[in-house]
Amino acid sequence: MRNAFLKQLPILLLGATALFSSCNNSAGKAGSSDSATSKETVKIGVLHSLSGTMAISEVSLRDAVQMAVDEINAKGGVLGKQIEPVIVDPASDWDLFAEKAKELLIDKKVSAVFGCWTSVSRKSVLPVFEQNNGLLFYPVQYEGEECSNSVIYTGATPNQQLIPAAEYLMSEKGGGYKKFYLLGTDYVFPRTANKILKAYLLSKGIPKENIIEEYTPFHHQDYQTIISKVKRFAADGKACILSTINGDSNVPFYKEFANQGLSAATCPIMAFSVAEDELRSMDTEFLVGHLAAWNYFQSNDLPENKKFVADFKAFCAKKGLPGGDKRVTDDPICWAYTGVYLWAKAAEKAGSFDVSKVRNALYGLDYPSPDGLVKMDPRNHHLAKPVVIGEIKPDGQFDIIWKSEGLVDPQPWSPLTSPDKDCDWVNHNGTYAKK
Amino acid sequence: MKTKNNPLYYILFIAIFAILLPAGYLSGLLSVNTISVWGRYFCFAIAALGIDLIWGYTGILSMCQAFFFCLGSYGIAMHLLLKKTVAAGAVLPDFMAWNKIDTLPLFWQPFHSFGWSLALCLLIPALFAFVVGFVLFRSRIKGVYMAIITQALTLAMWLIFLRNETNLGGTNGLTDFNTLLGYNLSSSSVKLALYMISFAVLCAAYFFCYRITNSKFGKVLQAIRDSESRISYAAYKVVDYKLAVFVVAALLAAVGGMLYLPQTGIITPGRMDVKASVEMVMWVALGGRSNLKGAVLGALLVNFLYSICTSLFPDSWLFILGFLFVITVLYFDKGFMGLLETIKQKISAARFKTPQTTH
Amino acid sequence: MLMCCLLLLPLKVAAQDSASIYTAQLLQPTNDSVRTQAIGRLAALRIPATFPLLMAINDKKLYLLDHKAVTVDSKPTGEGTYRLYSLYPDNRLLTNSSGQPLLLPLSALQTVDIPRADRLQLAGIAPLMNLFSNDAQKRILAYTQLKNAGDSATLPILQAALAKETNADARRTGKDVLYAARLYSATSTATAKAYIDSIGDNWSDNAPVLLRNYAKAGFLNQETAHYAAAKAISLEKRYDSLQRIQNFFSGLSLGSILILIALGLSIVYGLAGIINMAHGEFMMIGAYTTYCTQVFFTHTLGIPQTDLFFLAALPLSFMVAGAMGWILERLVIRHLYAKPLESLLATWGVSLILIQTARLLFGDLTAVKTPQLLSGGWQVSPHLTLPYNRIFIIVLTLLMVVFTYLMLYRSRLGLQIRAVTQNRQMSACLGIETRRVASITFFIGSGLAGLAGCAITLIGNVVPDMGQTYIVDSFLVVVTGGVGKLAGTIFSGLGIGFFTKISESFFQAVYGKVFILVFIMLFMQYKPKGLFPDKGRVAED
């Protein structure tokens, strides 16, 4: 009997080798099957969670990237090559993000990766990209304090979202608010955002006792206690909430807020993580009149944007994606989409898909995005773009009530909290100490 | 185990992982990523052995193995981060400097030295397991109560680790390391070495667990599983036995975590959330409970499937995994190992057509 | 006062005339600068009659209907049509020939576009204008903004606004401002004290701060200052005791949610002895059933604003989740009664499948529109609002507990369930169809989870993995209470609810949770089998 098994050993071993090598290549094949043309292709990776807690937000970004890729391919591709997206699912699992990043860069040899939403997923893949000379286009607003050579940050830095919002609320027009309740989900973005906001507010002469900071765990559902604290805090008027509450905690938060008798008129909530996509199928009744600060709103009436919005709806309907033509665009979707075009334009400019050439071509590159002409910083990997503040309307869209004059330059290191640091990849080696 | 120990499994296992895979890599057939991914699965397998000891052999369903795993990982991560910080000429790791902390917290100090780090990575989980185990076993909490309390404990720890105040990096965890004992972690040869070390540790852990389960100590454990009251009537100190195996399982999880960290490059509290801690038990259940080979096989196979399914079927992999769980439980209640045994018997029956050879 | 008004009258008439001229200029400007000037003048004149018009400009809601200035409600009435209000010279609801409110879509109106720069001229008098807003919240805000502007010019306007104030909150805030202004201008101790008392009786949100500030300033004399300070302290004490009631209520509401979820879990666990990891997913199914019912009512049946859907959703979510549970029992659980731990694995697999199915079907974050009846809250006292949705959940939980009690202890089925729970083999020997009993129990248990899901749509959102948020908590309730024990589930659910809320008011929310977990661990030391352990020989296996 033992002999019989020993005889089978070589066959089994052969089978095992076949299995390992197949898992190496199979995903690539699966992706290429629909582009039947014998044209040469260039691969890009799409690293957005399609399952798990982050899927709610990230699936839309995959759709936006896919749409940009389809558009570019229909126009003849980049440098005469069709783009072939390799889509993987990191499943909201931070370790898997690193593994998938390695797979995309080392096994699939993609030219660029479009992906990530949370800070932790970006931090997780960062070393992988740096060690393997990859290029990640990161489309979500983030906490700054980072300046990697391998990441193109198309989302906002703190000064492109937080500071203008606080400034607006303190201004005469914004309501002249004097007390600030900084409420967030307990993770890096809210923590850093609130640190910067606090420094800013203190610098503007807001006394310490008029600023409260509080954090809730992820998926927190019960806001009763916090709202009664807010109520007390807001009792003498002139108080507002700066909210970095994330994801599914928002609905219970706004509902409780309204049910305990507070409203946008008495104490507005300025949200930094609530966009059209989250509001899409939500009951917006409780949110109407509250504010949000972003760089882009779907209600932007530029012709480029109108086309983009219509195209996106048509794309989702055509592909049979959930939501179909009821889908909406929002800030991260806009930047995920713009990211692909920025990469394509840079590759055309550089005449190559080589990461360092593309990176060099990106400095100072401008592109007519749905949000108007935006421009890459000439010295680092962030995007200069307008800042807008909107008021939530009953249909889940935003009424733009404030817009910055022109583009706001990115500051990855906030001068409020890190006055001695700056980021420059042209004259310096990334982060450097300012004299 | 009742079945004879067939050396074929060992030969096949060693042939594939110690020879075939490295050879495949050296010949250029497999990428270094594949090697490193399998190295990580070995770490999970080591932890799975611990779970099999405590759950499969002793009948205590502990849901806090993921936490012990993380303790090991965090310990090594702290060491690597401090080394990197010191090499860069700074005093504090980046994230602490951003959080406006000016002195290194006291509990980070020992992790400057590799030796201390190793010792603490083992000591802390062991101590933790001892205290928790002592408290729980003494009050005779068992069965589902044990499972849910340990799960709650993991949840509490998860919440604490998520906080920035604990100075362990919060949600982002610890990441971005470059060297271990002076070796560059991103170089292919170091990855291969880590893979081989993980493999060797896995083999050693297997051997260790094998010896345990076949010793008198192991027999007592199984007796506790089968009938705790009877074994205590026979004057065995059940609490001591349970406590011992709980600590051993925690140590195995921690060792897995320690090896896991340098190969993954990141540790976050996400590794010990509810999902992760249930998944760890799933490996063992799928591989075959009360069967050490099953634990190893389950950990390797489930993670392998997880990896390839998330790449190949990004939209539907959860269905595949879900149905796999359900079907395995319904039809192959001894897990993959049970399935393998059945197939083996079928094959040999078909080959020799003589019923005597099967037993 | 009367004299003053009489004196002002001719002036007022003149102002009225010029207001009409400016209004006309504003609506049909010959050029941009004329309009800018007209708005500037109107803002400077501060005539209450022009406020609705100016407000409409400020809110970008100025429209023309037959060359007359009109504005619309902030929310459409349902089918995209709005109620219309005339603006100047009178401000009233427009009606059609039959006396019903005139409803028109925005497209039927001509939008008057006033440039931003012109609108900014109105920022200065925004609080004054908003005193006459149709929106109570805006009025409240306006009163708050007036707080430190109780000068002689604005006081009459404030009084005029208060005279026609209809909203209690707004009136309270408004009175506060009025009293404060009077208090600061009071010249005798007695008047000052009277106003301090009035402020105390009025008890607005701002009252303690206001009184404290007055006391600090020592405006009139030491006596009034002390009196104000004492009043502030007594108000705060009263506020604190109300806060305690609020906390108690929060704990009760959290506890009842936990009980609602744990009820089904406890019955199922008690009977089948399996850890049903998919229990949270049945809750999710209940929530999605509610969502679907809502969509069905609004889109298919075309009944836009109705609370009926929720009434229908309650039994439906119970039935749908129950049916799914029954199917699960038939297909999977039935084969696993002898193997409790294997069932954990299988149900975990089932939960993965259910979550992914929900994600593919519904895609994303959805939320159910709260029924009109259940939004808002019961204003017990000025500072104590008990939200209706939470009261509803508490009542629902109470009903379900009673239902479960009757089912378990007062029915034949309950007797059988309890028998099977105690000893499956023995019950089978005595002729109980254990399989049928198990199926029904699973149906009821899952149905209860579905009902919990339906209730939770009132306070939270509907996402595919919503069940995972509650699963550990509900397991803790079951374990702390003692498996399969109704009374235990209720006590531990309430206990955990109260403890969480109490600890949350001391620690931050995160530590509150950790504190509870540690507390439960220590509690289990004392009662390892839960609050209500089995007594007698059954207890030892």
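This is a predicted model: local features need pLDDT of at least 70, side-chain atom pairs count only at pLDDT 80 or more; totals for chains, interfaces and linings use all residues.

Student: Which residues of α5(A) are buried?

Tutor: A residue is counted as buried if 20 or more other C-beta atoms lie within 10 Å of its own. In α5(A), this applies to A:Leu162, A:Ile163, A:Pro164, A:Ala165, A:Ala166, A:Tyr168 and A:Leu169.

Student: What covers the buried residues of α5(A)?

Tutor: The cover includes a helix of chain A, α6 (188–203), together with strands of that chain, among them β8 (239–244), β10 (291–294) and β14 (388–392).

Student: At what angle do the axes of α16 and α18 of chain C cross?

Tutor: Angles of 65 to 115 degrees count as roughly perpendicular. The axes of α16 (residues 412–422) and α18 (residues 434–456) of chain C come within 10 Å and cross at roughly 105 degrees. That makes α16(C) roughly perpendicular to α18(C). On the side of α16(C), C:Leu413, C:Gln416, C:Ile417 and C:Val420 make the contact, and the partners from α18(C) include C:Val437 and C:Ile440. The residues of this contact comprise six nonpolar, three polar and no charged.

Student: How many residues do chains A and B bring to their contact?

Tutor: Chain B supplies 44 residues and chain A supplies 47 residues. On the side of chain B, the largest share, seven residues, comes from α1(B). That side divides into 19 nonpolar, 20 polar and five charged residues.

Methods: Residues are numbered from 1 along each chain as its sequence is written. Chains are lettered from A and ligands numbered from 1 in the order in which they are written. Two residues are in contact if their C-beta atoms, placed from the backbone, lie within 7 Å. Helices (H or I, at least four residues) and strands (E, at least two) are DSSP runs, numbered from the N terminus. Ala, Val, Leu, Ile, Met, Phe, Trp, Tyr, Cys and Pro count as nonpolar, Asp, Glu, Lys and Arg as charged, and the others, Gly among them, as polar. A residue is buried if 20 or more other C-beta atoms lie within 10 Å of its own, exposed if 12 or fewer, and partly exposed in between; C-beta atoms are placed from the backbone. Axes are lines fitted to C-alpha atoms, for helices over the stretch in contact, and angles run from 0 to 180 degrees between N-to-C directions. Angles under 35 degrees count as roughly parallel, over 145 as roughly antiparallel, 65 to 115 as roughly perpendicular and the rest as oblique.
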